[in-house]
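Dear colleague,

I am passing a structure on to you with this message, and you will find the sequence and the model just below.

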Amino acid sequence: MVPRYLRDAEDEVRVRPNRRGSRPRTKQRPEHEDARPGTVLTVDRGRYDVLVDEGPRVRAMKARELGRAALVVGDRVDLVGDLSGAPDTLARVVRRHERTTTLRRTADDSEDAVERVLVANADLLVIVTALADPEPRPRMVDRCLVAAYDAGMDALLCLTKADLADPADFLAQYAALSVPAVPTAVRPDRIDGIDELRQALRGRTSVLVGHSGVGKSTLVNALVPDAARETGHVNEVTGRGRHTSSSAVALALPEGGRVIDTPGVRSFGLAHVGADDLVRAFPDLDEVAQDCPRGCTHAADAPDCALDEWVASGAAGAAGEARLASFRRLLASREGTS
């Protein structure tokens, strides 16, 4: 008979047979107490470029113990192995830190929509849209705003090609939402507005999102002189830009902070965002919405919505009606794709 203390010791370790040998394997995983933290800069077919804190940029793969846990640009991770950054070396990512923010989108808004995480741990979403060539798409901007608010990120409108159209009319649509904006224009010897944009990004982790052809790569090359992002053009027939960036990449800003350039998008699904998720991004509306009937959609046709009474009473102030209308426009933008 096996003594009890030996049986107890056996219970603490689960052993399963190894088909490739007689040596048993345990499910106990190493603690990796010597692992060093870093930030994922790029993702490419199961390989990750990671900047080690106070260290070099290394190439890495996921350790088996991470299982199917996805890693995206911006993730904070722990690494072991060869952290020299020398050619043909490979480190291992053994842990992913908890994310502070998660920017997500779905391919479409059907019930079977697949949710995708674009980047992690960013605090500012820069929505880049051209004022002309191609024509601006407010619905797309609205949907990006919803994604930013859902992620708990700040938002900034970057309006390119301001030399082709006055930004005033476009910005009027967002005045009630108090979304800051920076118009830019490319000149032969400079980019108007680039200093204001540089100041807005200083010290932050920012994500640039927008349609192809709106000038994201041009902005990135101006912000990060050695970025060398390929720039494209707009098709005169379709009015759409050509994809020049095939994957997201995080780049260090000379003034401090990091900017993440993403591939151009043609749709931004929001199947993962509910009405209550969005209203929580607006503290003034969220407080009033607590008095709404249970299950209220907060839409214009929602019966007994407390937001309507709030505006009608004058408690919302002079801009209350416009703010509620803008909020409901964002609500409506969650339906369908752009």
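In this predicted model, there are 20 salt bridges, and I describe a few of them here.

One of them pairs arginine 204 with aspartate 154, where the closest N and O atoms lie 2.7 Å apart. This pair links distant parts of the chain, 50 residues apart, since arginine 204 sits in the loop between helix H4 (194–201) and strand E15 (205–209), while aspartate 154 belongs to strand E11 (residues 154–160). Arginine 204 is partly exposed, with a relative accessible area of 25%, and aspartate 154 is also partly exposed, its relative accessible area being 42%.

A second salt bridge joins the side chains of aspartate 195 and arginine 198, with an N to O distance of 2.9 Å. Both residues lie in helix H4, and because they are three residues apart there, about one helical turn separates them. Aspartate 195 is exposed, at a relative accessible area of 52%, whereas arginine 198 is buried, at 18%.

Arginine 280 and aspartate 277 form another salt bridge, in which the closest N and O atoms are 2.6 Å apart; here aspartate 277 counts as partly exposed, with a relative accessibility of 26%.

Technical notes:
Residues are numbered from 1 along each chain as its sequence is written. This is a predicted model: local features need pLDDT of at least 70, side-chain atom pairs count only at pLDDT 80 or more; totals for chains, interfaces and linings use all residues. Side-chain values use heavy atoms; hydrogens and water are left out. A salt bridge is a side-chain nitrogen of Lys or Arg within 4 Å of a carboxyl oxygen of Asp or Glu. Helices (H or I, at least four residues) and strands (E, at least two) are DSSP runs, numbered from the N terminus. Buried means under 20% relative accessible area, exposed over 50%, partly exposed in between (1.4 Å probe, protein chains only).
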